[in-house]
Each structure stands twice: as structure tokens, then as C-alpha cells.
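Please keep the sequence and the model in view while reading.

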Amino acid sequence: MNARTQMKPVPVLERDITPQGSDYEIVRQVIEKISLEYRDQPSLEELAADVGETPTGLQKLFTRWAGLSPKGFLQAVTLDHARRLLESGAPLLEASMEVGMSGPARLHDLFVTHEAMSPGAYKNRGEGLTINYGYHVSPFGIALIMVTDRGLAGLSFNDPGDEKAAFDDMAGRWPNATYIEDMAAILPYAQRIFDPSRWRADQPLRVVMIGTDFQVRVWEALLSIPMGTARTYSDLAGQIGEPKASRAVGAACGANPISFVVPCHRALAKSGALTGYHWGLTRKRAILGWEAGQVA
């Protein structure tokens with residue numbers, strides 16, 4: 001590990017911290033089967049048998065997790081019409097309504113106030129910066145959360161057993177920083193990020209962006225995309241005044257260290273396809289589906 005650390009040996013990096021029966025693990029398997037076999041229209045009974053649940057049990061679990069039934073999710077990833085709507089730039093929510101999902105009473109989104117750290121902090125690869133970190137079980141697997149005294153600086157996801165790799169990946173972005181495991185420091189962020197009832201405009205979530213000037217501009221543009229909608233990389237390039245830089249915008253989205261909160265999952269290829277996602281396409285589908293359930 002290149003990053004300097006100030007901590008006792010960290011057993012959490014070497015063991016599975018996910019409780020038995022994690023909802024996300026079951027949902028992940030269902031989403032993967034739906035995504036791979038959508039042309040075969042797998043039934044609720046087939047999906048349930050694959051994950052060792054009863055059809056009723058899976059229906060309740062999936063709906064509790066996503067706000068959508070497995071059938072609703074299947075419709076969202078199968079209908080060509082939904083794809084065409086996405087290709088034309090229509091919001092994801094409009095696409096979901098076209099395929100029979102209920103519309104929103106109102107939109108919910110995670111209220112964020114952000115600032116960019118000085119370019120020197122990025123140039124010096126985090127030297128002089130103290131980052132507290134910890135792990136939290138989230139709706140999308142294990143979340144690694146990193147915070148500074150100025151706000152949330154990093155959020156990534158990993159599967160059980162990959163905690164150390166996730167830490168190395170994130171710490172490698174700012175290898176000269178000092179890292180301290182501190183659950184007390186990250187818990188208020190974890191509780192706020194994944195609980196929509198706590199998303200309040202009068203108590204915005206503090207975010208600090210550590211990147212190049214171009215990356216920060218892209219990440220700020222991502223924050224302008226409302227939940228339930230999507231933008232293409234070329235849309236974002238135009239928004240930041242760099243209409244020919246869609247490829248560089250895609251790279252900046254891929255380098256986004258604050259997943260979910262800075263919603264790079266809402267950025268799509270010009271074709272409307274779900275392109276690569278640093279934490280896996282299944283997780284990107286899961287987040288978009290979960291968001292559709294929140295606004296429905």
C-alpha cells in the first residue's frame with residue numbers, strides 16, 4: 001500500500017463484513033439474470049428458484065429494496081421503446097412511465113453543497129491531507145466512504161472480500177495522504193447518503209472534490225442531473241463549454257471518486273447504452289433501478 005496510514009492493523013480489510021442474507025446480494029443475482037436473459041423473459045418463479053427464495057419472498061424483498069417489482073425492472077431493461085427514448089435523450093423516468101411504471105408524485109434528490117479543493121492538493125497527490133475512512137453496508141453492496149474535515153471526498157462500492165482492493169484503488173488516487181480508519185467520522189455520511197428521508201435542502205451534504213480543473217467541471221455538471229434523468233457524455237461536454245471533449249468527459253466520469261452522490265451513473269453513451277462503470281455495470285443498473293423506484 002503506497003498511501004501512508006495511521007491506524008492499527010485493519011481486520012475489516014480481510015474479512016467479509018456483509019451480514020448473512022444481504023438484500024443486495026440477492027438483488028444483484030436477480031439483476032444479472034434479468035440483464036443477461038431478458039430476451040427469454042424469465043418468470044418470477046425462475047428468478048426466485050435461482051436465488052433460493054419463494055416467489056412471494058422474492059417479490060417482497062425486491063420491491064422493498066427497489067420500490068419496483070422484478071417484473072417492473074424486467075420491463076425497464078427489455079422494451080426497445082425504452083431504449084429508443086433513452087437514445088433520443090428522454091429522461092429515464094419518462095422511459096419508465098412509457099413502459100407502465102407509475103409516475104412520480106414529486107422528485108426526490110440528494111441535496112449537495114460542494115467545493116473544489118485547491119489544485120495543489122491534487123497535484124501533490126494528497127500530501128498534507130488527512131482522510132478518515134470506513135466501510136458501511138449499503139443498498140448497493142459494501143460502501144467505502146472517505147471524508148476530510150471539509151466533507152465527503154470518496155465513495156466507492158465493492159463486493160464481499162474485495163475491501164482491501166477497494167481501499168487500494170481509492171487511496172491510490174491520493175497516495176500521499178494520511179488515512180485513518182474512523183467509523184465515527186464516516187457514519188453520519190453513510191446514514192445520510194443512503195436514506196432518502198434524510199435528503200433535505202436545509203441540511204445539504206458537504207462534498208469536497210479533489211481532481212484536475214477539467215474533472216471538477218465535469219463532476220459539477222454531473223451534480224446538475226436530476227434523479228430519474230440521464231445525460232450523454234456529449235451533452236455534458238457541451239454543458240461545460242467543451243463540445244468536442246465527449247471522450248475526455250467519459251474519462252472524467254470514470255475517474256469520479258464520489259460515486260452515487262456525484263451521479264456518474266446517470267451519464268450514458270450517445271447511443272443511450274449503459275457503458276462501462278468503474279464499480280460494475282450490474283451495480284450501475286441497480287442504482288438506476290433503485291432511483292426509478294424512489295421517484296415512482
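How many bridges join strand 3 to strand 6, and do the two run parallel or antiparallel? Strand 3 and strand 6 run parallel, and four bridges join them; two strands are taken to pair if DSSP finds at least two bridges between them.

The model is a predicted one, in which local features need pLDDT of at least 70 and side-chain atom pairs count only at pLDDT 80 or more, whereas totals for chains, interfaces and linings use all residues. Residues are numbered from 1 along each chain as its sequence is written, and side-chain values use heavy atoms, with hydrogens and water left out.

The chain contains 13 helices and nine strands; these are DSSP runs numbered from the N terminus, helices being H or I with at least four residues and strands E with at least two. Of its 296 residues, 49% are buried, where buried means under 20% relative accessible area, exposed over 50%, and partly exposed in between (1.4 Å probe, protein chains only). Among contacts (heavy atoms within 4.5 Å) between residues at least 6 apart in sequence, 68% join residues at least 24 apart.

Strand 3 also pairs with strand 4, in this case antiparallel and through seven bridges. Gly-134 stands opposite Ile-145 of strand 4, and a hairpin of two residues connects strand 3 to strand 4. Because seven of the nine residues of strand 3 are buried, this strand is largely enclosed by the rest of the structure.

The largest has 59 residues, and Phe-140, Leu-152 and Phe-260 have the most contacts inside it. Helix 1 (residues 23-37) gives the most to this core, namely six residues. A second, separate core of 19 residues includes Leu-129, Tyr-135, Met-146 and Trp-174. Leaving aside neighbours within four places in sequence, Leu-152 is in contact with several residues, among them Ile-145, Tyr-189, Leu-205, Ile-258 and Val-261.

Two polar residues complete the picture. Gln-215 lies in helix 10 (residues 213-223) and counts as buried because its relative accessibility is 14%. A polar atom of the Gln-215 side chain lies 3.0 Å from the backbone nitrogen of Thr-212. Beyond its neighbours within four places in sequence, Gln-215 is in contact with Tyr-122, Ala-252 and Ala-255.

Is Lys-71 buried or exposed? Lys-71, which lies in helix 4 (residues 70-78), has 60% relative accessibility and therefore counts as exposed. Lys-71 and Ser-43 are 28 residues apart in sequence, and their C-alpha atoms are 8.2 Å apart in space.

Key:
Polar contact = N/O pair within 3.5 Å; in protein donor to acceptor, adjacent residues only side chain to side chain. Core = buried A, V, L, I, M, F, W, Y, C linked by side-chain atoms within 4.5 Å.
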